[in-house]
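Have the model open as you read.

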Amino acid sequence: MNPKAYLLILMSILSGLATAQDTLYIKDEAGIAVPFAQVAIQNPDAKKTNYVQSDERGILVVPEAFYATGKQLIVKVSTDGFHQETDTISKGKNHRVQLRTNAKDIGEVVITGQLGAGSVTNSTNKVKLIDRATIEAKGAVNLRDLLQNELNIRISQDQILGSGMSMLGISGEGVKILIDGVPVIGRQNGNIDLSQINLSNIERVEIVEGPLSTNYGSNAMAGTINLITKKPKNKGYDINLGAFYETVGNYNLNLGVTSRVKNHAISAYGARNFFDGWTPGDKAIEFPKKELADSGRFQQWKMKEQYLGGLKYSWKFKKIELIPSLDLFREKIVNRGYPRAPYQISAFDDEYVTNRQNAGLEVIGWLKKDLKLDVQLNYSNYKRIKNSYLTDLTTLDRKLLAMSEQDTSRFILYFNRVTLTRNNFDRKFNYEVGYDINYEEGFGNRIENKRKEIGDYALFGTFNWAPWNWLHLKPGLRFTYNSLYKEAFMPALNVKLGKKKHILRGSIASGFRSPSIKELYMEFVDINHNIHGNPDLKPEIANHVQGWYNFNWEPKKFQLGFELSGYYQDIHNRISLSQSADGVNYSYFNIDQFYARGIQSLVKVGQKQWNVNVGFNYIGTASNYSDNRYAYSPELVSNVSYQLKNGTTKFSAFYKYTGKVVAYFLNEDASITQSFISDYSLLDLQVQQWFLKKTLSVSLGGKNLLNVTNINAGSGTSGGAHVSGSGTAPIAWGRSFYLNITYLIKSKQ
């Protein structure tokens, strides 16, 4: 063989050995590489520390210069979701560092509005996090249950259209709801029905108060709620079985499976939720049984049945990860009517059937160790059908009524989002740029010409500049082209000062909401409604200013936290449902100038076994309807938890006081009418017990223990677009008690 060939082979071998000898392999307990871990390398002889980062494969080549004249280095490896590990490595040897999962730290990682996954403390935006432990402590089945006791959020209830919400005094049209960053469609009366969003497959919920229109576009003026689904954490498989019973007639079952094998991961879930309805006067504990077809067949809270399931698969290949997913949902609501006079042998009944299909594909590629390309493609199909029947109460035979009584609407969303993100804590300058496309179609007999579409196309960018470790500046800009409203610019600036104990945050942002297909083109006329769309509507534009101060003190095993924040927002061209000139019909108009402002404080005290949180806010709203007169309303929340030393028994309590809501309206004669909704309090308690090395959980709890059902609601006028008005507003079904059992089956590691 040629001597040059020998020399080349020898050099290749030596080069490979040199690379292997000074290499750190960073992996988790399952042996899976941990990408982009932060590594502090300390030379004890030179008393110098270098800060570096592993690559996307969890590999870090240690430069020989770090050793200087010594032969050993001290390495400290840390990243979100894991305990920090400290070890000593020797020159000329490869080394493996195994990181242990930190369940508590995992709960503190957020991604909504950020350049990448990071801790709550380090995020530039103020993010409120509700982890899985809190979801279980509340006995929350759906998003309505979870948000019922949250500060700055108020829940409203329509027994047909479902559960809505307001945030920071702004109604649900201004709240963006996402699942893994993908918008949820299917708004009824402007709101996403929170009771349709099940939590059995949700790991945590991230809430950002204030506009995120620069990041997520329309409907994000008041805030953004992003639900993060469960993902495999360990090698092998986990199977979660759950059963839930509530004395008002809730019977739920759910199953979840997650598995990870080498570069493949899969998660699947399925659930069936059934509620047999409730009305005042029902027994405290009642099981399904045959009932007489009398006036008792009418229920204030309608019977509801839900089926849902989903599948998500992940495959990692070198620097690329492919994640296809599919989610299905079906709900049926039954509205039984009163027996008809004079013979009481028939009744009009309605059924509302909702179907959702959501199919998506996400492709993640690492162009460099700190440069990520994320491509999301998603198809969402929402269909709601109303069928009306004449029911014979003697035989229970049903006859479908004429087509004029039917109501079917369908909405399709094509969603495409692409982002290029650089996020490296070693760099002072990081950024995210991208585009997203939202193309929505609406179909139905109530829509003008039976079909309408709206396209929304946007370019956006934001960057985080940290000239010092105590100062972060995060400006952003979004340029949107809407097929109906042409161009719109949405700037934002977020600032974070301080670290650890004292943190100041500030935000100045522009919000944007384009009118929906329903507001533009849909007609809704029946015995209770007379509403017409308005194709001449203009989009809403908001200006928002907000500031926060956070104090965190953790001496030894004790923790004390304090938060104070305030905000102001005004909305131009606000879309309102108002009476037309003919005095009979109702339509949507750009006639409302709306203002909201508020102040909030929060105190957290706790240690390993117990925690106490107390929060208070005072929110005021005004509009040109009220002659710019502000109406204020307070809120108070308190959450207490205590865990016994054995670590297997936990007590939780959640209390919320919602103050009287006052509003002012301008009458046709220029006089002002006052409207109100009475104050009320909610109290929930739970005790949770774990068995079998914390694989079996049994929870006993009580909801709405103060037995709040309907509260007084008054106004100076009667009737309206929703013709019938009872003078009361439904808040919750009566006092109830529940049993929740979950069982985890884990494969042997």
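Let's start with Lys 746, which is found in strand S46, residues 736-746. (Strands here are DSSP runs of E with at least two residues, helices are runs of H or I with at least four residues, and both are numbered from the N terminus.) Keep in mind that this is a predicted model, where local features need pLDDT of at least 70, side-chain atom pairs count only at pLDDT 80 or more, and totals for chains, interfaces and linings use all residues. Residues are numbered from 1 along each chain as its sequence is written, and side-chain values use heavy atoms, with hydrogens and water left out.

Setting aside residues up to four places away in sequence, Lys 746 touches Asn 234, Tyr 237 and Asp 238; contact means heavy atoms within 4.5 Å. With Asp 238 there is also a side-chain to side-chain polar contact at 3.5 Å. A polar contact is a pair of N or O atoms within 3.5 Å; within protein, one must be able to donate a hydrogen and the other to accept it, and residues adjacent in sequence count only if both atoms are side-chain atoms. Thr 258 sits 488 residues from Lys 746 in sequence, yet their C-alpha atoms are 9.8 Å apart.

Now for Thr 462, in strand S28 (residues 451-468). Its side chain reaches the backbone oxygen of Pro 475 at 2.9 Å. Beyond its neighbours within four places in sequence, Thr 462 has contacts that include Leu 115, Tyr 431 and Glu 432.

| Residue | Relative accessible area | Class |
|---|---|---|
| Lys 746 | 39% | partly exposed |
| Thr 462 | 9% | buried |
| Phe 616 | 36% | partly exposed |

Phe 616 belongs to a nonpolar surface patch of about 620 Å², together with Phe 562, Leu 564, Ile 599, Val 603, Val 614, Tyr 618 and Leu 636. Strands S35 (559-579), S36 (586-606) and S37 (610-623) each supply at least two of the patch residues, and S37 gives the largest share, with three.

Zooming out, the protein has six helices and 46 strands. Of its 749 residues, 51% count as buried. Among contacts between residues at least 6 apart in sequence, 61% join residues at least 24 apart.

Conventions:
Patches are made of residues with over 30% relative accessible area and no salt bridge: like charges are joined within 9 Å, nonpolar side chains (Val, Leu, Ile, Met, Phe, Trp, Tyr) within 5 Å. Accessible areas come from the Shrake-Rupley method with a 1.4 Å probe; for residues, only the protein chains shown count as cover. A salt bridge is a side-chain nitrogen of Lys or Arg within 4 Å of a carboxyl oxygen of Asp or Glu. Buried means under 20% relative accessible area, exposed over 50%, partly exposed in between (1.4 Å probe, protein chains only).
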